[in-house]
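Hi there,

Here is the structure I promised to pass on to you.

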Amino acid sequence: MKREEIVVPEGEIARQRDFQKKIRTMFQSRGAHPLARVETFGCQQNVADGQRLMGMLEEMGFAFTEDAGEANLVLLNTCAIREHAEQRVFGNLGILTHSKKENPEQVIVLCGCMAQEERVAKRVRESYRHVDLVFGPQALWRFPELLWQVYETKKRVFSIADEHGGIAEGLPVVRERGVKAWVSIMYGCNNFCSYCIVPYVRGRERSRESAAVLAEVRELVEAGYKDITLLGQNVNSYGNDLDTGYHFPDLLEDIDKIPGDYWVRFMSSHPKDATPRLFDVMAKCPHVAEQLHLPFQSGNDRVLGEMNRRYTRGTYLELIHYARSVMPGLVVTSDVIIGFPGETEAEAMDTVSLVEEVGFDALFTFIYSPRPGTKAAELPDPVPREEKQKWFDHLLEVQNARSAEIHAGYVGKTVRVLVDGESEDGDYPLSSRTEGNRLVRLKGDKSLIGRFLDVKITGSNTWALYGEAV
């Protein structure tokens, strides 16, 4: 795709600002102070999208509420990765029939990855007639215009065309208060892993210009954010579509030059595009956290081939070995799927053996969930769920033991942490994170939130460390 076909012109963004003003003026003329309930499901990219949707709503005059019953507008920003998330959304849509009945003027919006799926949009159109506006990720920047259409026509609006997607700079954003922030550096995916719906709902890879990313990160650092995560479906592909020879390691190097006391992380990485140069840059750049989330999904080469992952067990292990050679303290996490269609017990145990060989600090583990429209959903899947659960439970047993062992090794050590919030633990009321993103619960006053501290680790379990400020 040509760059001019991807970047949304400033004139179009200005049009959206005009629609924002129209909606704000409409409520002001009524003497109304509208409230919006925004609920985001799924990944950090969805969180970042949700913050921009909230930014546009705020420009339209909305304040925010957690109570759908009192909201003038309810927006569900959805995820399509797993069946469980989809069922939660449909459950929530069903519940909203009650608030809509109490307040017929309430506008209900369904957006995000689920909304882009044709079968979902069809189901909503036919069975959830109280939903007023449906649009996918590619139409996010047009939210003000689409919402104005709902208000002006009093009719349902669907914007789910099969678009390649664009890059819209200059959208307003409402970020969470605190020390963490998300920065999308690219959108879409070109990988087409056979189990994944993302390329079909988020379009092809589109990289933001480096100047725009650097300006956003600089603004966040100057605003006091201290833990910044760069987002993309595959950040290691950043720049491939720019044809400038400027790639993700170059972007990390330039971000590292921004002065301030902060950490930069990134996710997700794809092993097929991870390179020794990336790890060299991570090792030499003090602002870049020595934490690597590198999904391997399966430890068996046949299954990896069926997944269309385009690397082998051996090449994955080589990457991990090199990364640890230049960053001995590297914290490594990953994603794993157990029970892919056609996977045998022996192949699942290859995944377990890779987990044992690598010694991951933590894993995000899933039993395979078929997604309609993907190639894997069409594959024969003879193994019953009960059998897959046994393999899954064994994987968890191995990883939990490893996580507990790694955490126990921290007891007595002093580590640097960023205090990022309050904890639900009465004895350790503060939550903090190490450079490696390990959770450390702390004793102390909430005035410490937002500060880097040296902390002595006094205890641990499988999921967290416990400590006291030195």
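Is Glu-10 buried, partly exposed or exposed, going by its relative accessibility? Glu-10 counts as partly exposed, because its relative accessibility is 47%; buried means under 20% relative accessible area, exposed over 50%, and partly exposed in between (1.4 Å probe, protein chains only).

Before going on, a word on what you are looking at. This is a predicted model, in which local features need pLDDT of at least 70 and side-chain atom pairs count only at pLDDT 80 or more, while totals for chains, interfaces and linings use all residues. Residues are numbered from 1 along each chain as its sequence is written, and side-chain values use heavy atoms, with hydrogens and water left out.

**Salt bridges**

Side chains of opposite charge can pair when their charged atoms come close. A salt bridge here is a side-chain nitrogen of Lys or Arg within 4 Å of a carboxyl oxygen of Asp or Glu, and the structure holds 31 of them. One joins Glu-10 to Arg-17, with 2.4 Å from N to O. Arg-17 is partly exposed too, at a relative accessible area of 32%.

Another salt bridge pairs Lys-180 with Asp-420, at 3.2 Å from N to O. This pair links distant parts of the chain, 240 residues apart: Lys-180 sits in strand 7 (residues 180–184) and Asp-420 in strand 15 (residues 414–422). Helices (H or I, at least four residues) and strands (E, at least two) are DSSP runs, numbered from the N terminus. Lys-180 is partly exposed, with a relative accessible area of 32%, whereas Asp-420 is buried at 18%.

There is also a network of salt bridges, which links Arg-52, Glu-169, Arg-175, Arg-208 and Glu-216. Finally, Lys-272 forms a salt bridge with Asp-273, their closest N and O atoms being 2.8 Å apart.

**A buried tyrosine**

Lys-272 leads us to Tyr-311, which touches it. Where is Tyr-311? Look in the loop between helix 12 (301–307) and helix 13 (313–326). Tyr-311 counts as buried, because its relative accessibility is 9%. Leaving out residues up to four places away in sequence, Tyr-311 is in contact (heavy atoms within 4.5 Å) with His-270, Pro-271, Lys-272, Pro-295, Phe-296, Gln-297, Leu-304 and Tyr-316. The C-alpha atoms of Tyr-311 and Asp-301 are 8.2 Å apart, and these two residues are ten apart along the chain.

**Helix 7 and the cores**

Why is helix 7 (residues 143–153) described as largely enclosed by the rest of the structure? Because eight of its eleven residues are buried. Among them are Phe-143, Leu-146, Trp-148 and Tyr-151. The buried residues of helix 7 pack against helix 2 (10–29), helix 3 (44–59), strand 3 (73–78), strand 4 (107–112), strand 5 (133–135) and strand 6 (157–159). After helix 7 comes Lys-154, with a positive phi near 60°.

A nonpolar core is a set of buried Ala, Val, Leu, Ile, Met, Phe, Trp, Tyr and Cys residues joined through side-chain atoms within 4.5 Å. The largest one has 59 residues, and Ile-185, Leu-230, Phe-248 and Leu-252 have the most contacts inside it. Apart from it lies another core of 32 residues, including Met-56, Leu-75, Cys-111 and Trp-141.

**Empty spaces**

Rolling a probe the size of a water molecule over the atoms shows where empty space is left. On a 1 Å grid over the protein atoms alone, a cavity is a set of points where a 1.4 Å probe fits but cannot get out, and a pocket is an open set with protein on both sides within 12 Å along at least five of seven lines; lining residues have an atom within 4 Å of a point. Grid points are joined across faces, edges and corners, and a volume is the space filled by probe spheres set on the points.

How many cavities of 30 Å³ or more does a search of the whole structure find? It finds two. The largest cavity has a volume of about 240 Å³. Its lining has 17 residues, and the closest to its centre are Asp-49, Pro-137, Leu-140, Gly-166 and Tyr-187. Helix 3 gives the largest share of that lining, four residues. The second largest cavity, of about 40 Å³, is lined by Asn-46, Asp-49, Asn-77, Gly-112, Pro-137, Leu-140 and Arg-202.

Enjoy exploring!
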